[in-house]
Amino acid sequence: MASSQYNSRVSLSSSDTLNQTPSFKPYPQPGNHSEIELQGLVEKGSGGHTYNTAGYPSSSYEVAQTPLSSFGKPSTYPTSPFAGEPEKSRPPLTSILYMPAFLLAAVGVAAAHHFFNRYLHSKTTETIPPVWAIRAGTAAAFAFKTVVAVAAGTAYVQRMWATLRKRTLTVEGIDALFGGASHVQNVFLSGELWKNAKLSLLMAFWLLILPLSAVFTPATLTVINSTSNNDTQCAVPSGDINNPAFANQFAVIDNGFYARPSPLLKRAAVQVLTGQEPSWPSPCGTNCSYNYQFQGLSLNCSEEDPELTSEISFGQTELYNAITMDRPDETGLYVSYLRLKWSSKGVPGFADSALFCVPWITTFDVAVNYNNSGQQITIKNSKKETFFGKPESGALPISMGEVTKVVFASLMDSVYDNLKGTLESTSGGTGTNYQIALSEFVEQSGSQQQLYQFKDVKAGIEKIMIQSSLSIMSLAAKFDPKLQAQSTCTLLNNTLVYDYKPFLLLVSYGAAIAIGVVSAVIGFQSIFGPNKGKPI
């Protein structure tokens, strides 16, 4: 009997019996394979067949023998001498269930995350503390990423096995393909896989981008500041200054008649001139607003030709000059007009602009708003009622019904005192009023030739008179807090609430689920398709 390292011949005699056992005669040298002698094997049937090493009849079979190192280990796919095709293997149940089960889990996690965020939308942070809401959203995002990656990863492995059954790859290619589920980047560095495993590369790319779904979705739930309004009745400063006590506060009275502005009102006028806005305490708390009406003075200024203002002198060193002129109206009262001209470019002795301003008794509609930064007053509307004038002597009696006019006269004179006079480019000159340089419409220049520059003089002067009228309201509220009127106050409630924007969450999760579904289809095709084999 002859034998080789990998093949041996089997000799069967027709006289051998089935009860006899084969004998094994190993070579004494270490490392050689055993020689197998099968004796006494008789095939039942019509006649016997002899199998020997000399020659093979038509019914002879040759049996391959593996090395001793694997002898006795069953082959994964055993081949029977009497069967024409391999035995079919059955896919493990886990490989079949992983993909749909984890895809359904991904859908469930995505739905839970969406409905959780929608539940919190517009609710205050007192419902759930923001730190726990953020933790819950982050946990849901990472749970979704995990389950959808398991489904897609299982499908990738099925496709990997299908690729190995159909393609011939080198050891390096096989190693890169096996690393696709754990080290995705290695797959794209293998040129062999770009040629022979394009679909596996695509699935590996999907595995690479799936974790992005956990990056964007937690940010879809944020905390914002929401403002709600609540209207209520509250007591606000009435604006009624027809009170003899106020006349003594705002004006100097001489023998029962108005004489001049009080120091208090002159000080308030200077504060307005320098840009300080009047204010009074809030009647409704920190965050609230209300509207009210009051009467005050306003100036209606119109431009005129500087060449026609000969009444106003303008010296070689002057930059600004303003005077007042009294003229009677149709009722016999004298109206004090404010006339001024100035050099808009700040050139001494060259007046190129002029204004003519008339005082009006005006009804103001005012919106007052209080917030954390303080008080804000806005003039919503104003209605000019009539010119404001005084008797020719300028004396106004302090009597009921005339107190308002006394206060207005004191207000007008205090504003005019700040605006009248000249502003010169030198420290000399008579009648120089440097308070004008404190106003918002005068800017100090760094040039020696142009010490001052003027801007928006008309708007600035009109604003000064309105703000001075508001200062009367401020002082009256401080003098007599009980002098109030009912108004509707709007309370502004600032609340921290959750804000949910579902678009990014639905797109991110939807795209990831779509990748998982397509991957699962490819995975099932790899298991049950024409080239199916042993899956993991």
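This is a predicted model: local features need pLDDT of at least 70, side-chain atom pairs count only at pLDDT 80 or more; totals for chains, interfaces and linings use all residues.
Visitor: Which residues have the most contacts inside the largest nonpolar core?
Guide: That core has 47 residues, and those with the most contacts inside it are Tyr 320, Leu 340, Leu 419, Phe 441, Phe 454 and Ile 461. Its largest share, ten residues, comes from helix α10, which spans residues 403–419.

Visitor: Which residues does Phe 454 touch, leaving aside its neighbours within four places in sequence?
Guide: With those neighbours set aside, Phe 454 is in contact with Leu 319, Tyr 320, Trp 342, Ser 343, Ser 344, Leu 423, Phe 441 and Val 442.

Visitor: Switching to helix packing, at what angle do α6 and α12 pack?
Guide: Helix α6 (residues 198–209) and helix α12 (residues 502–528) pack at about 150 degrees, and their axes are 11 Å apart. Angles over 145 degrees count as roughly antiparallel, so α6 and α12 are roughly antiparallel to each other. Their crossing is left-handed.

Visitor: Which side chains or residues make the contact of α6 and α12?
Guide: On the α6 side the contact is made by Leu 199, Met 203, Trp 206 and Ile 209, while α12 contributes Ile 515, Val 518, Ser 519 and Ile 522.

Visitor: What about α2 and α12, at what angle do they cross?
Guide: The axes of helix α2 (residues 130–166) and α12 cross at roughly 25 degrees and come within 8 Å, which makes α2 roughly parallel to α12. This crossing of α2 and α12 is also described as left-handed. Among the residues that meet there are Ala 140, Phe 144, Val 148 and Arg 159 in α2, and Tyr 509, Gly 516, Ser 519 and Ile 527 in α12.

Visitor: New topic, backbone angles: what is phi of Asn 255?
Guide: Phi of Asn 255 is near 55 degrees, a positive value in a residue other than glycine. Asn 255 lies in the loop between β4 (251–254) and β5 (257–261).

Visitor: Is Asn 255 buried or exposed?
Guide: Asn 255 is exposed, with a relative accessible area of 72%. Asp 456, not a glycine either, has a positive phi of about 50 degrees; Asp 456 sits in the loop between β14 (452–454) and α11 (457–479) and is exposed, at a relative accessible area of 61%.

Visitor: Last one, where is Ile 361?
Guide: Ile 361 lies in strand β9, residues 353–371, and is buried, with a relative accessible area of 13%. The C-alpha atoms of Ile 361 and Phe 387 are separated by 6.1 Å, although these residues are 26 apart along the chain.

Visitor: And what is Ile 361 in contact with, leaving aside its neighbours within four places in sequence?
Guide: With those neighbours left aside, the contacts of Ile 361 include Gln 295, Gly 296, Leu 297, Phe 387, Phe 388 and Phe 408.

Conventions. Residues are numbered from 1 along each chain as its sequence is written. Side-chain values use heavy atoms; hydrogens and water are left out. A nonpolar core is a set of buried Ala, Val, Leu, Ile, Met, Phe, Trp, Tyr and Cys residues joined through side-chain atoms within 4.5 Å. Buried means under 20% relative accessible area, exposed over 50%, partly exposed in between (1.4 Å probe, protein chains only). Helices (H or I, at least four residues) and strands (E, at least two) are DSSP runs, numbered from the N terminus. Contact means heavy atoms within 4.5 Å. Axes are lines fitted to C-alpha atoms, for helices over the stretch in contact, and angles run from 0 to 180 degrees between N-to-C directions. Angles under 35 degrees count as roughly parallel, over 145 as roughly antiparallel, 65 to 115 as roughly perpendicular and the rest as oblique. A crossing is left-handed if the near helix is turned anticlockwise from the far one by less than a right angle, and right-handed if clockwise.
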